Amino acid sequence: MGIDGASPNLLEKWRDSLPNLRRLSDKGATGLTIPPIPPQTPVAWTTFITGTNPGKHGIFSFATRKPGTYEREITNPGRIKTPTLPEILKRANLTTGLINAPMSPKDTVRGFTIPGFLARDEGTPKPLRIAKKIQKELGLEKIPGDIETPYLKNVQDNPEALLDRAKEITQQLGEAALLLLEEEWDLFMTVFMAMDRVQHFFWKNIDENHPNHTENHLTAKAREVMKTIDTYVGKIADTLDEDTLLIILSDHGFCPIHTEVYLNNHLETQGLTKRHNNKVDQPNSKAVAYGYGDIWINLQGREPNGQIKPGSPYEALRRQIARCLTHLTIDGQNPIKTVKRREEVYTGPETPKAPDLLAIFNPGWQAARHPEILPAKAHGNYVNRTPRWSGGHDGTHDPQDVPGILIVNGPRVKKQRHMKANLWDLAPTILQALGQPIPPHMDGKPLPIWEEQQRA
Ligand SMILES: [Zn+2]
């Protein structure tokens, strides 16, 4: 069971309102999940479902660069390069139910699916028999995975409507999951998405460490969404028999966001980014920040109008940018924790498709979301002090600063606290629990969740 973005501190803070998660935590094993870099929803769930790092599965961002161009495009499950759990299980004649899993690989499932976030036909149950069952029992043709765009667009004017909708889609998904649990399956996966959006928009209402913290009726409504998830967690857990292993986890957590930094303005002061009509002039720049802290060098032989020669000029420029951004100070503070070269972060054949550099921000700060640039000299600091979101995780941030939750329950599961799991450890853990071999290409290792006397 996935609860997208559920933060460990939120679980602690709202403990008294979440009796089911508390009960399952108390009797099972608990800890943290450490997401990949960047800790973004599509990257993290792909890491979960493949057991591999992005250098192998090939999903590096929500919006990635279209190879051989300066254009950006939204990612999709068709780009995943390593086999997913449903594909691996299908080869072993095992059945998967995938309910609203982000990046769901729908064509490869043996079983049933409601495609989730970023998948084609998002929300439409498959196969037809399942669609009919949901139509008949719940009166719904689609089970929306995510809160729809109009609610997101109108959040300033009508935050209550977004929170009401978050609760409603959680209920619909919960009912669909309960209904489909009656089917036959070996692996069943359902992901509640609503808390990701809720925390992005309402983190300042939730976390007293946010500089603009205000507790009000929105805090109560946000907690209501989490309570609704908790109710369905309890209902789902109660349907499982004694031989079923239950894993509850989130793909990442959240940290406060108070300031958004326009990296292209800073690169411009170094003479690296050029502008034309107050837009980034990508073909004539040496380097461009692409949003979410991804930085691309305009490399000869790769970009259509490459400016920088491969080899030592490329390496020298990467060092220069890393130095300049790591030392960037705004009001006496360092927004950027570190700048990583892609090969420091990833291993595997897809690594050359990653951004050349990743600027990893300290909590509180994040990169602008697009390859954009502010008008010159408009703001000395080139920042936005009133970002649309008050909570974040994908700025990009250090996975250790935004861990997710992990609760494991089931037969012979050893009671323990403080487990720390890389997200790529979960697929091997699930395969082991199903008695399946773990493919050697996987980066993760099965988690030590079993009582030792029972299981080697
Ligand atoms: Zn997420």
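**Figure 1. Left-handed crossing of helices α8 and α9**. In this predicted model, the axes of α8 and α9 come within 9 Å and cross at roughly 160 degrees. An angle over 145 degrees counts as roughly antiparallel, and α8 and α9 are therefore roughly antiparallel to each other. On the α8 side, the contact is made by Pro-159, Leu-162, Leu-163, Ala-166, Ile-169 and Thr-170. The α9 side of this contact consists of Ala-194, Arg-197, Val-198 and Phe-201. By class, the contact of α8 with α9 has 8 nonpolar residues, 1 polar and 1 charged.

**Figure 2. Right-handed crossing of helices α6 and α8**. Helix α6 spans residues 128-138 and helix α8 spans residues 159-180. Their axes come within 11 Å, with a crossing angle of roughly 120 degrees. The range from 65 to 115 degrees counts as roughly perpendicular and angles over 145 as roughly antiparallel; α6 and α8 are therefore oblique to each other. Residues Ile-130, Lys-133, Ile-134, Glu-137 and Leu-138 of α6 meet Glu-175, Ala-176, Leu-179 and Leu-180 of α8. The contact of α6 with α8 is made up of 6 nonpolar and 3 charged residues, with no polar ones.

**Figure 3. Contact between domain 1 and domain 2**. The domain assignment gives domain 1 as 2-254 + 402-433 and domain 2 as 258-392. The centres of domain 1 and domain 2, taken over C-alpha atoms, are separated by 30 Å. In the contact, 25 residues of domain 1 face 24 residues of domain 2. Two or more residues on the domain 1 side come from each of α4 (54-57), β3 (63-65) and α9 (194-206). Helix α9 gives the most to this side, with 5 residues. The side of domain 1 that touches domain 2 divides into 11 nonpolar, 10 polar and 4 charged residues.

Figure 4. Strand β13 (residues 294-297) pairs with strand β15 (residues 357-361) in the antiparallel sense over 2 bridges. Asp-294 has Leu-358 of β15 as its bridge partner.

**Figure 5. Cis peptide bonds at Pro-38 and Pro-127**. The bond that joins Ile-37 and Pro-38 is cis, with omega of about -5 degrees. Pro-38 is placed in the loop between β2 (29-34) and α3 (41-50). The peptide bond from Lys-126 to Pro-127 is also cis, and its omega is near -5 degrees. Pro-127 is found in the loop between β6 (111-114) and α6.

**Figure 6. Positive phi at Asn-93**. Although Asn-93 is not a glycine, its phi is positive, at about 60 degrees. Asn-93 lies in the loop that runs between α5 (85-91) and β5 (96-99).

Technical notes
Residues are numbered from 1 along each chain as its sequence is written. This is a predicted model: local features need pLDDT of at least 70, side-chain atom pairs count only at pLDDT 80 or more; totals for chains, interfaces and linings use all residues. Axes are lines fitted to C-alpha atoms, for helices over the stretch in contact, and angles run from 0 to 180 degrees between N-to-C directions. Helices (H or I, at least four residues) and strands (E, at least two) are DSSP runs, numbered from the N terminus. Angles under 35 degrees count as roughly parallel, over 145 as roughly antiparallel, 65 to 115 as roughly perpendicular and the rest as oblique. A crossing is left-handed if the near helix is turned anticlockwise from the far one by less than a right angle, and right-handed if clockwise. Two residues are in contact if their C-beta atoms, placed from the backbone, lie within 7 Å. Ala, Val, Leu, Ile, Met, Phe, Trp, Tyr, Cys and Pro count as nonpolar, Asp, Glu, Lys and Arg as charged, and the others, Gly among them, as polar. Domain bounds come from an automatic or database domain assignment. Two strands pair if DSSP finds at least two bridges between them.
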